[in-house]
Amino acid sequence: ILNKYKHIVSYAASINTIGNALAIDYHAEMPVIRAKGGFAGLSGPAVKYTALANVKQMRELLDNSIDVVGAGGVQSGRDVFEMILCGATAVQVGTCHWTEGPGCFDRICDELKAIMKDKGYGNVEDFRGKLKEWSKEGVALSRQMKMKSKQSDTSGDVQLKASNNNSSLIIAILFAIVAVLLADKLNIVSL
């Protein structure tokens, strides 16, 4: 549909939030936000992988004249790098700004610059939309780099593993919810 209106559509943002979520303030024993009794869309790190998939697919399906703005779970330079690698022309930072404040923008930009320097990229066009296909060679390189990183900074890996475990749990829960909703919609099960 967007391609049909490419003469008036200049960009599409993907994604905003997912489904219905409720965050609770443990101390105050109330919803974190006021609107709609606290119900809102799920955002932040939990939606990053869905956001990356949607950015990549939108870039593949949309006319090149329509830019894709990557949004969802962006909180680091690496997240921005991955969004651009999937084809984003611009990247939005939301939840991170809300939790960290405006200082996050300089930090994220500095992290992205460091990644680009480390990988030998002079500008974002050098890697925009150039996500490589899965390969055994790529897995071997990734494994080698992870081992190298593990040897140089074991304390950082402990923190990363804890973060990945939490993210994996959230993603697993989201997949389960989506599966149940799809099964209900397709009349495989009845809720």
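This is a predicted model: local features need pLDDT of at least 70, side-chain atom pairs count only at pLDDT 80 or more; totals for chains, interfaces and linings use all residues.
Colleague: Which residues is Lys 6 in contact with, leaving aside its neighbours within four places in sequence?

Modeller: Contact means heavy atoms within 4.5 Å, and on that basis Lys 6 is in contact with Asp 63, Ser 65 and Ile 66, its neighbours within four places in sequence being left aside. Lys 6 and Ser 65 are 59 residues apart in sequence, yet their C-alpha atoms are 7.1 Å apart in space. Lys 6 counts as partly exposed because its relative accessibility is 42%; buried means under 20% relative accessible area, exposed over 50%, and partly exposed in between (1.4 Å probe, protein chains only).

Colleague: How should I read backbone geometry, and which residues does a cis peptide bond join?

Modeller: Most residues other than glycine have a negative phi, and most peptide bonds are trans. Here a cis peptide bond joins Ser 14 and Ile 15, with omega about 0°. Ile 15 is found in the loop between strand S1 (11-14) and strand S2 (18-22), and it counts as buried because its relative accessibility is 15%. Not counting residues up to four places away in sequence, Ile 15 touches Val 47, Thr 50, Ala 51, Asn 54, Ala 71 and Gly 72, and its C-alpha atom is separated by 7.7 Å from that of Val 55, 40 residues apart along the chain.

Colleague: What is the phi of Glu 29, and what is that of Lys 36?

Modeller: Phi of Glu 29 is near 55°, a positive value in a residue other than glycine, and Lys 36 has a positive phi of about 55° although it is not a glycine. Glu 29 lies in the loop between strand S3 (24-25) and strand S4 (30-31), and Lys 36 in the loop between S4 and strand S5 (39-42). Glu 29 is exposed because its relative accessible area is 69%, and Lys 36 is exposed because its value is 72%.

Colleague: At what angle do helix H2 and helix H4 pack?

Modeller: Two packed helices are described by the angle between their axes and the distance between the axes. Helix H2 (residues 77-85) and helix H4 (residues 103-119) pack at about 65°, with their axes 7 Å apart; the axes are lines fitted to C-alpha atoms over the stretch in contact, and angles run from 0 to 180 degrees between N-to-C directions. H2 passes H4 in a right-handed crossing, a crossing being right-handed if the near helix is turned clockwise from the far one by less than a right angle, and left-handed if anticlockwise. On the H2 side the contact is made by Gly 77, Arg 78, Val 80, Phe 81 and Ile 84, and on the H4 side by Ile 108, Glu 111, Leu 112, Ile 115 and Lys 119. These residues divide into six nonpolar, one polar and three charged, where Ala, Val, Leu, Ile, Met, Phe, Trp, Tyr, Cys and Pro count as nonpolar, Asp, Glu, Lys and Arg as charged, and the others, Gly among them, as polar.

Colleague: Which side chain makes a polar contact with that of Glu 82?

Modeller: A polar contact is a pair of N or O atoms within 3.5 Å; within protein, one must be able to donate a hydrogen and the other to accept it, and residues adjacent in sequence count only if both atoms are side-chain atoms. The side chain of Glu 82, a residue of helix H2, makes such a contact of 2.6 Å with the side chain of Lys 48. Glu 82 counts as buried because its relative accessibility is 17%.

Colleague: Is Arg 128 buried or exposed?

Modeller: Arg 128 counts as buried because its relative accessibility is 18%. Its place is in the loop between H4 and helix H5 (136-152), and a polar contact of 2.6 Å joins its side chain to that of Glu 125. Not counting residues up to four places away in sequence, Arg 128 touches Ile 84, Leu 85, Gly 87, Ala 88 and Thr 89.

Colleague: How many aromatic pairs does the structure hold?

Modeller: The structure holds three; rings of Phe, Tyr and Trp (its six-membered ring) pair if their centres lie within 6.5 Å, and planes under 30 degrees apart count as stacked, over 60 as edge-to-face and the rest as tilted. Tyr 121 and Phe 127 form a tilted pair, 4.9 Å centre to centre with 40° between the planes. Phe 127 counts as buried because its relative accessibility is 0%, whereas Tyr 121 is partly exposed, with a relative accessible area of 26%. Phe 81, Tyr 121 and Phe 127 form one aromatic cluster.

Terms used
Residues are numbered from 1 along each chain as its sequence is written. Side-chain values use heavy atoms; hydrogens and water are left out. Helices (H or I, at least four residues) and strands (E, at least two) are DSSP runs, numbered from the N terminus.
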